Amino acid sequence: MIRLENLCKSYQKASVLNGINWLIEDSSFVLITGRSGGGKTTLLSIVGGLTRPDEGRVLIDDIDIWRLPEPELAALRNRKIGFVFQFPSLIPALRVLDNVLLPIAFSGRSPNRADREFAGSLLALVGITDKENAYPSQLSGGQQRRVAIARALINRPSILLADEPTGDLDERTEAEIMNLFQDINRQGVMIVMVTHALDYAALGTTYLLKTNQLFPHKAELSPPGAGREESRHGE
Amino acid sequence: MRQILYLVRHNLLRKPFRTWLMIGGMVLACATLFLAVTLSKGIQDTLRTSRERLGADIVAVPAEARDAALSALISGDPTTFYMPASLEDRVRQVPGVGRTCAQVFLRSLDAACCVAPVALVGYDPERDFTIAPWVLQKTGEPQRDNQIIVGAKVISAVVGTPAKAIGQRLIFMGKPFTVATILEPTGLGTDYSVFLTLDTAYQLIRDSPLYPVAVKRDEISTILIKVEEGEDPEAVAGRIGNAVAEVSAFTASHLTRFFSQQLQNLVDALFLAGGLFSLLAVALAGSLFALSVRQRQREIGLLRAMGARRNVVFRLIVLEAVCIAGSGGLLGVLAGFGLAYFSQDAITEMIGNMYMWPGDQFLCATALLILAAALAAGILGGLYPAWRSSRLEPYEAIRRGE
């Protein structure tokens, strides 16, 4: 479960997020949409422990992640959260299998045989079966995105944060990847996705980030977190 | 750690040209530094040894053969110059002169044994005070007429190693001699000289119909002089010049001064070039490394997003810098050693037969110091980019890399 309390963030005095309160239940599928530069990626980064909010708290399973010491926050990112970015995010120097196994190395141990088998099954899940030894430059954009999803899942995270994961892909690949996210969500992984692809809004609950606040997308009523109340998803 | 090393390796191999450019910068810096230190040490040793080796405070030679005498004493050129032996008695009468001993220089008629022509020097073992300090293995026996003492370069040319030299039979001007003992390397003409007793020297000249110069038994080439305690060698040399017009007397320091200025210029130029190259090369490698880290900000942000701690990123970057600096330092030291080793002949040619190759201990210490300096430069060069990158929040690093 993720709980955001009074989250605020500004860049050079320009407010991007202002007093956001939000509750995301385990195993839910949430989509965040909004205009470009509206703070969606910033919100996702704060939730994922990648950038510090100016004010407010982010609680993951009741742990205030921004009060954790750096090593513990890094460990939390490593174990609980998987990231899929909007840009090609594979390490060019590493082969596909090593890219997928990389987060294990940051958990303080070397990947073992079971890890390799699991990585293989993840690659099979995302539809990459015969490219384990290929370098990222030898893959198409869609294939790279699939490998990035496999990598995000290698430590069996309970949360998957995806920032426009299909932004630069063709429609067919986009559909395949969105279906893949749906499959992953069915296995109990919470997915929070920033997207412009509202064709897939039916996969979960969609929120609109507008004027520094979050609104349920269809209703566009008053901000769910206004008055320090929480928008509650998954009930 | 294995994964970090793996990443370091791949990061370095990813852009091989840039990596080799950085390593090349370090190689250039370390090789130049090694070369400069080694050569200047060799040259300084040569100068110091020249003064010490002479063993005498003043050398008196025939006035008309002053330049040839300098060349023979410094470089071991097998030239010949002679003066009456009676001049030694007159020199001994000059106030301030303590001990004297005479030497007679011969030219070997062939150089079959050696890479350079050999100077045969007749001396009086009982009165000499210049050769004995350089004898490597003292026998305790007086040198006999059929025995010779040989310089270090003659030994390496004839038998290879000093250990095998003693007892060897060598033939000079048709007469066989046994090597009684050998001398330590001096960096002077002594290294190319063979010492025999005065009696044997005169006998060789007399018995060889081919010897080009008729040398009488009462002729000598040099008079080596020790001044009395408390006397100034320069002043005594002046007095000798005034009292005995037939000789030219110069002090040991004058002998080395003849060469020291041009050698000093060479040493200065080496250090200047070494220092300049090192600074430029380290600056080049450092700039390229900082650029390489800046270009990988997004990747560093991604590693942090995957759970890499700050200290992992820090170690990753410092390790990369250390790998570049270490391999550059190692290759640089090897290249510097090779250059120094193979330029010995050129240096010898440039400054005369007096260049001394520094000892193994000095070379090892220099190599280790330069390697340590290279590693330290790598660590220092990597510290700031590593610290800067590791302090960035992952999202900030990713944004900066876009």
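Start with helix 3 and helix 5 of chain A: helix 3 passes helix 5 in a right-handed crossing (the near helix is turned clockwise from the far one by less than a right angle). Select residues 96-105 for helix 3 and 141-153 for helix 5; they pack at an angle of about 35°, with axes 7 Å apart. Helices here are DSSP runs (H or I, at least four residues), numbered from the N terminus, and axes are lines fitted to C-alpha atoms over the stretch in contact, with angles from 0 to 180 degrees between N-to-C directions.

This is a predicted model: local features need pLDDT of at least 70, side-chain atom pairs count only at pLDDT 80 or more, and totals for chains, interfaces and linings use all residues. Residues are numbered from 1 along each chain as its sequence is written, while chains are lettered from A and ligands numbered from 1 in the order written.

Now show side chains. From helix 3, A:Val96, A:Asn99, A:Val100, A:Leu102 and A:Pro103 meet A:Val147, A:Ala150 and A:Arg151 of helix 5 (contact means C-beta atoms, placed from the backbone, within 7 Å).

Keep A:Ala150 selected. Along with A:Ile191 and B:Met26, A:Ala150 has the most contacts inside the largest nonpolar core, which has 126 residues. Such a core is a set of buried Ala, Val, Leu, Ile, Met, Phe, Trp, Tyr and Cys residues joined through C-beta atoms within 7 Å; buried means 20 or more other C-beta atoms within 10 Å. Helix 2 of chain B (16-54) gives the most to this core, 15 residues.

Jump to B:Met26: its contacts beyond four places in sequence include B:Ala281, B:Ile324 and B:Ala374.

Conventions:
Helices (H or I, at least four residues) and strands (E, at least two) are DSSP runs, numbered from the N terminus. Two residues are in contact if their C-beta atoms, placed from the backbone, lie within 7 Å. A residue is buried if 20 or more other C-beta atoms lie within 10 Å of its own, exposed if 12 or fewer, and partly exposed in between; C-beta atoms are placed from the backbone.
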